[in-house]
Structure formats: structure tokens, C-alpha cells
Amino acid sequence: MDHVRPVPDGAPEGAPSGGDPARLADLLRQAALGDEAAFAAFYDATSARAYGLALRVVRNPAHAEEVAQEAYLDAWRSSTRFDAERGSAVGWLLTIVHRKAVDRVRSVEAATSRDETWNRETAPVDHDQTAEAAHASLDAARVRGAVATLTDVQRRAVELTYFGGYTHTEVATLLDVPLGTAKTRIRDGLIRLRDLMGVAS
């Protein structure tokens, strides 16, 4: 990410100092040799600052925790690339945290945009001909037969939504999938039902 500059090595207001820079650099060098205890000590000394930076960028405590966790995992895996001559251990870590946090913000914004687009494109019209035709002319046995032809994931999503009365968000939670995935399964299932039952679109 070329436009993201390294985070300055200055403690944010109210944050603990994070320990002696030379000690932190030494802990990171030991971690690069596979010393898990050294990395745990590095984490203990720097986690408040890492979380604080993540929270300021993503503005969501749960996302900030995930960003910090991802950053520490990345730091552990890439600790051999830390070079004390190019900057402090804390500065190196906070650069990773900042990059991960910016990526998370962009990911969330992209997902929100996709959901908004999907909602606009699939908003029901005042007179939904598919629903009216299905309710007016199709019996329960025919509907059950058509539902049985759906894939397992489509059938489960459609059943939860239309027979269980769950919202799209609740369906996503129950199926443990992203909201967009749940919506896609419901939409694809309904399209297949419409085609199978010969309802005009």
C-alpha cells in the first residue's frame, strides 16, 4: 500500500510508554529466533498502544481487537525482517497495525457498499407478480416439491427466511456466513423456485 506512511514512533496520549526501546528491539530479535516467551513479553509491553491505534482507525472495539491480533500474528511471522537500524520495534509494529486497520476500514466500506447495491437492485416492487402468482395459483405440495430441488445451502437459507421468519442478518448469523453470502443464497433459491414453478418474472 504505497500511500500509507509508517506510523510515527510517538506514544498516543494517555498510552503507556511500552518499555525501553532497546529492550523491545532485543525481544523482537529473540522472537525472530523462535522465542515465544520473548514475543509474549513484547506483546505485553506494546499491546495497549497497538490496540489504541487500531481503535482510532477502525472506530469499532471488536474490529480493533481483530486488527491488533492480525498485526501481532503478522509481526511474529515477519519478525526476522525487523531492522533496528531503520526504526524502533514499536514503530515497526505500529506500521503493521496501521496498515491492517486501513485494510479493515476499506473492507468494511466495500462490504457495506455491496450490501447497499444489492438492496437497491433487489428491492421489492409494490406489486410483486412472482409472489402474487405463487400465492394465487400454487398449492403447498408443489411449493415443497420445488423447495426440495434447491441445493442444501439455498434451501436452508430460503426456509429460514420465508418459513422461519428470520431477517437476512439473522439468517447470516444462523448459517455462520457473511451477510452478502446469505442474501445471495436466498436470491438464487428464489430465482430457481420461480423458474421451476413457471412464475413469470
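Y162, F163 and L190 make a nonpolar surface patch of about 330 Å². Patches like this take residues with over 30% relative accessible area and no salt bridge, with nonpolar side chains (Val, Leu, Ile, Met, Phe, Trp, Tyr) joined within 5 Å and like charges within 9 Å. Areas come from the Shrake-Rupley method with a 1.4 Å probe, and for residues only the protein chains shown count as cover. F163 belongs to helix α7, which spans residues 152-163. F163 is exposed, at 57% relative accessible area. The scale is simple: buried is under 20%, exposed is over 50%, and partly exposed lies in between (1.4 Å probe, protein chains only).

The model is predicted, so local features need pLDDT of at least 70 and side-chain atom pairs count only at pLDDT 80 or more, while totals for chains, interfaces and linings use all residues. Residues are numbered from 1 along each chain as its sequence is written, and side-chain values use heavy atoms, with hydrogens and water left out.

Now the overall plan. The chain has 9 helices and 0 strands. Helices (H or I, at least four residues) and strands (E, at least two) are DSSP runs, numbered from the N terminus. Of the 201 residues in the chain, 31% are buried. The accessible surface comes to about 12400 Å², and carbon and sulfur atoms hold 51% of that. Take the contacts between residues at least 6 apart in sequence: 66% of them join residues at least 24 apart. Contact here means heavy atoms within 4.5 Å.

The largest nonpolar core has 26 residues. Such a core is a set of buried Ala, Val, Leu, Ile, Met, Phe, Trp, Tyr and Cys residues joined through side-chain atoms within 4.5 Å. L28, F39, F42, L93 and V97 have the most contacts inside this core. Helices α1 (21-32), α2, α3 and α4 each give it two or more residues. The largest share, 8 residues, comes from α4. Look at F39 in detail. Leaving aside neighbours within four places in sequence, F39 is in contact with L28, A31, Y72, A75 and W76. There is also a second, separate core of 8 residues, and V171, L175, V177 and I186 are among its members.

Charged pairs come next. The chain has 6 salt bridges, each a side-chain nitrogen of Lys or Arg within 4 Å of a carboxyl oxygen of Asp or Glu. One of them pairs E66 with R104, with the closest N and O atoms 2.6 Å apart. This pair links distant parts of the chain: E66 sits in helix α3 and R104 in helix α4 (residues 89-121), 38 residues apart. E66 is partly exposed at 38% relative accessibility, whereas R104 counts as buried at 15%.

R104 also forms a salt bridge with E70, where the closest N and O atoms are 2.9 Å apart. R104 is in α4 and E70 is in α3, so this pair ties together parts that are 34 residues apart in sequence. E70 is partly exposed, with a relative accessible area of 34%. K100 and D74 form another salt bridge, with the closest N and O atoms 3.7 Å apart. K100 is in α4 and D74 is in α3, 26 residues apart. K100 is partly exposed at 22%, while D74 is buried at 18%. Shared partners join E66, E70 and R104 into one network.

K183, in helix α9, makes a contrasting case. K183 is buried yet has no salt bridge. Which side chain of opposite charge is nearest to K183? D115 is, at 4.2 Å. Charge is assigned plainly: Lys and Arg are positive, Asp and Glu negative, and His and the chain ends are not counted. Beyond its neighbours within four places in sequence, K183 is in contact with D115, W118, N119 and H168.

Two loop residues close the tour. Most residues other than glycine have a negative phi. R59 has a positive phi, near 60 degrees. R59 is in the loop between α2 (36-58) and α3 (61-77), and R59 is exposed at 70% relative accessibility. D176 has a positive phi too, about 60 degrees, although it is not a glycine. D176 is in the loop between α8 (168-175) and α9 (179-197). Is D176 buried or exposed? D176 counts as exposed, at 70% relative accessibility.
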